Amino acid sequence: MQWILTVSEQPPDWFTQLVKQYTPASTGLFAAQLLWQRGIKDKSQLAAFINHKSYQPASPFEFGEEMHLAMKRLQQARNAGEKITIWGDFDADGITSTSVLWDGLGQFFKQNQQLNYYIPNRLKESHGLNIAGIDNLAQQGCKLIVTCDTGSTNIDEIIYAKNLGIDVIVTDHHTLPAERPPVTAIINPRYLSPEHPLFHLSGVAVAYKLVEALYQTLPDVPQEPLENLLDLVAVGLIADLVQLSGDCRYLAQLGIQKLQADFQQPAAARRRPGVGRLLELCQKNGDRPTDISFGLGPRINAVSRIQGDASFCVELLTSRDIKRCHELAEITELANTRRKSLQKDVQNQVTQKLTQLDLSTTSVIVLEDTQWPAGVLGLVAGQVAQETGRPTILLSTEGTGDNSLATPLARGSARSINSVDLYQLVKDQAHLLHRFGGHPYAAGLSLPVENIPLFRDAINQQLRQSLGSINLSPTVQADITVTVADLGKELFFELKLLEPCGMGNPVPKLLIQNCWFENTWHRNQQDSQGKKVQYIKTDFDIRDDSTKNAFPGIWWGHYKEELPLGRCDCIAELDYNTYKKRYEVRLIAVRPSAESGLKTHNSAQILDWRNFPSQESPAPSQESLIIDECPTHWDELRAWWRRSLYNNQQLALAWSKPHHQPPMEIWLTLVGIAKYLSRTNQPVTRVQLVKKLGISNQTLLLGIQALKYYGFTVTRQDRDLHISWNASTVSESKGDVAVAQFLAAISEEQFQQNYFTDVPLSTIMAMVNSH
């Protein structure tokens with residue numbers, strides 16, 4: 001992976017002093033440097049960027065004749081009492097767009113009588129209009145469809161609706177067709193110049209502009225202020241891939257203020273109780289763009305990814321029924337935890353398939369599988385694109401064995417990287433596709449399964465020809481260099497001046513050099529019901545020579561073994577953890593430091609299983625990297641393999657035959673420990689039990705399950721386990737079965753350790769991945 005540090009001229013002192021006025025508690029140096037890098041170089045620009053009150057938003061009627069046509073048709077529908085359907089989309093931008101139109105148009109048309117909405121099912125339908133849905137609306141007497149976040153390229157479906165007597169107003173922001181579609185009106189900022197302040201609007205912002213125009217056209221009708229929609233606008237804007245500049249930034253700034261103000265109200269007084277409950281579940285306050293990008297957005301998106309039908313999300317965002325909203329928020333939260341597990345599973349499978357690819361001859365990664373759930377493919381494709389530096393397309397052929405389909409279809413998602421226009425890339429292969437849609441950075445598509453090999457070859461050849469001699473490689477870019485001593489409240493509030501961040505104004509990436517990590521540990525996440533989710537997070541403390549104080553941090557989706565040993569360089573983002581009430585860094589990338597003497601290329605790591613140093617042991621040498629506890633399960637080997645791949649290093653293994661305690665003695669030792677701890681009411685940690693018994697975490701779990709049938713109850717509090725005993729819960733018949741499983745697991749572990757054969761590393765890795 002290539003690391004890039006942004007280097008530019010330093011801002012003049014007068015500009016730094018100007019920025020300092022907005023951050024009186026700090027020097028303003030870091031914020032001034034970032035703002036100057038990003039083209040904010042005079043007083044008026046700075047004021048408009050930081051303070052929304054200094055910005056003059058564009059009128060909705062700058063969409064020109066199309067907006068006037070839309071107003072005329074909506075007034076006609078209102079006067080004639082016609083039925084209108086909002087046709088939305090199932091992602092966060094589409095759901096918030098639908099919600100904005102539902103609340104906004106609901107001021108002019110009676111909800112559930114004259115006004116309804118329709119959200120396609122992600123797992124059964126695609127983005128955009130479809131014939132079956134239009135037929136259903138025609139039967140209900142619908143006379144006008146207003147799309148949001150979709151519809152620009154649905155030419156055939158628009159013509160079909162017109163033939164059934166249904167007019168269509170399109171509000172969208174996706175790529176335009178070659179000719180204007182045959183609609184009543186199309187409100188799409190792509191018709192404007194790229195320099196126009198409305199050009200980068202997302203679907204929800206376009207929907208808001210439509211409502212804003214109607215508020216100005218019929219000012220005496222609405223009972224609710226237009227500004228009440230802005231919190232939903234902010235959620236959709238930040239959750240979607242749009243550049244937060246011009247009106248986008250202005251609307252997001254106002255919307256975040258609305259979001260925070262509503263959340264600060266008592267639960268019973270909140271205007272949007274569903275949004276408030278979601279924020280509580282994801283432990284956010286609603287005052288940061290990251291509360292949306294890492295909190296609300298993924299949860300709204302998760303519903304359609306897991307369940308397909310996300311229609312209830314509109315009710316969740318707009319209803320005032322507290323009890324109902326809390327029920328829907330809980331369903332949404334569980335969908336998100338399920339999404340994390342599915343995403344992790346698919347990511348592991350994709351990683352295995354990538355080992356079979358020659359990336360030196362691959363420009364576009366195209367992979368397919370019969371078992372992949374289509375709902376999480378876009379997320380995984382985005383991760384793969386970032387890690388490999390190549391546009392990535394993942395396809396699911398799940399269900400293609402259905403004999404009712406004349407031509408089995410694969411469905412999937414594509415994500416881009418390195419400024420490659422993915423939409424155009426896919427569009428040029430339209431003759432091989434069933435349908436597709438999207439924008440330069442993300443697209444969805446479906447195609448006949450038999451066309452996948454042709455599509456893969458053609459799209460790779462096309463990109464290779466357009467790149468010429470340019471080589472694609474993964475990159476991560478840092479904006480400024482800081483030390484651990486710089487991290488904390490003052491720097492946080494300096495960097496907060498740049499919020500809301502997004503495309504065109506990314507979250508500042510901090511380069512920390514010659515640092516090291518301490519107190520590292522990882523764990524699976526838990527859902528709202530306390531169940532583990534197969535999604536890892538590593539916690540750590542980061543240190544360097546600038547201060548004696550460590551600074552906390554997290555690394556999502558990674559194991560602690562993936563952190564380099566010794567001194568290293570890292571790129572991170574500074575954040576505030578609302579739940580723990582602390583400032584922390586979120587790790588983005590890490591590599592051994594150039595100053596540490598440890599080479600990152602063509603060097604080998606020796607994983608020595610013969611020696612297990614204590615906490616007081618000296619740091620390992622460059623020649624031998626020794627882990628601090630005995631790896632008793634294949635998971636430990638996987639973790640070291642991941643680290644070697646990440647650092648592009650070879651991995652050598654050394655071990656000696658271990659001395660094993662008989663499995664039954666291990667069981668009796670566990671029972672003895674449980675009896676003692678239940679009598680003394682003392683806690684114990686998982687690590688202590690694993691070390692004492694010489695077994696893996698997974699086998700320990702089987703032992704704990706067996707203990708339960710003998711009257712022991714094991715509860716967890718933070719990192720501690722507490723054991724109690726109750727004779728009334730003993731079930732020896734079930735206990736015998738559970739103990740047998742525990743003993744069998746121990747025997748299997750000991751067998752693997754005794755007969756770990758001398759085979760090539762590639763064979764070992766195949767064994768690891770198939771285990």
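This is a predicted model: local features need pLDDT of at least 70, side-chain atom pairs count only at pLDDT 80 or more; totals for chains, interfaces and linings use all residues.
Visitor: Is Leu244 buried or exposed?
Guide: Leu244 sits in the loop between helix H9 (230-239) and helix H10 (247-263); helices (H or I, at least four residues) and strands (E, at least two) are DSSP runs numbered from the N terminus. Buried means under 20% relative accessible area, exposed over 50%, and partly exposed in between, using a 1.4 Å probe and protein chains only. Leu244 has 3% relative accessibility, so it counts as buried.

Visitor: How far apart in space are Leu244 and His200?
Guide: Along the sequence, 44 residues separate Leu244 and His200. In space, C-alpha to C-alpha, Leu244 and His200 are apart by 7.4 Å.

Visitor: Back to Pro500: is the peptide bond from Glu499 cis or trans?
Guide: Pro500 is in the loop between helix H18 (489-495) and strand E14 (510-526). Most peptide bonds are trans. From Glu499 to Pro500, though, omega is near 0°, and the bond is cis.

Visitor: What is the phi of Lys581?
Guide: Lys581 is in the loop between strand E17 (568-577) and strand E18 (582-592), and counts as exposed because its relative accessibility is 64%. Most residues other than glycine have a negative phi. Lys581 is not a glycine, yet its phi is positive, at about 55°.

Visitor: At roughly what angle do the axes of H6 and H7 cross?
Guide: Ile131, Ile134 and Asp135 of H6 meet Glu157, Tyr160 and Ala161 of H7. The crossing is right-handed (the near helix is turned clockwise from the far one by less than a right angle). H6 and H7 are therefore roughly parallel, a term for angles under 35 degrees. Their axes come within 10 Å, and the crossing angle is roughly 20°.

Visitor: What is the mean pLDDT of the protein chain?
Guide: In this chain, 86% of residues reach 70 or more, and the mean pLDDT is 85.

Visitor: How many contacts beyond near neighbours in sequence does the stretch 595-633 have in the model?
Guide: Over residues 595-633 the pLDDT is below 50. Beyond near neighbours in sequence, the number of contacts this stretch has in the model is 73.

Key
Residues are numbered from 1 along each chain as its sequence is written. Side-chain values use heavy atoms; hydrogens and water are left out. Axes are lines fitted to C-alpha atoms, for helices over the stretch in contact, and angles run from 0 to 180 degrees between N-to-C directions. Angles under 35 degrees count as roughly parallel, over 145 as roughly antiparallel, 65 to 115 as roughly perpendicular and the rest as oblique. Contact means heavy atoms within 4.5 Å. pLDDT is the predictor's confidence in each residue, from 0 to 100.
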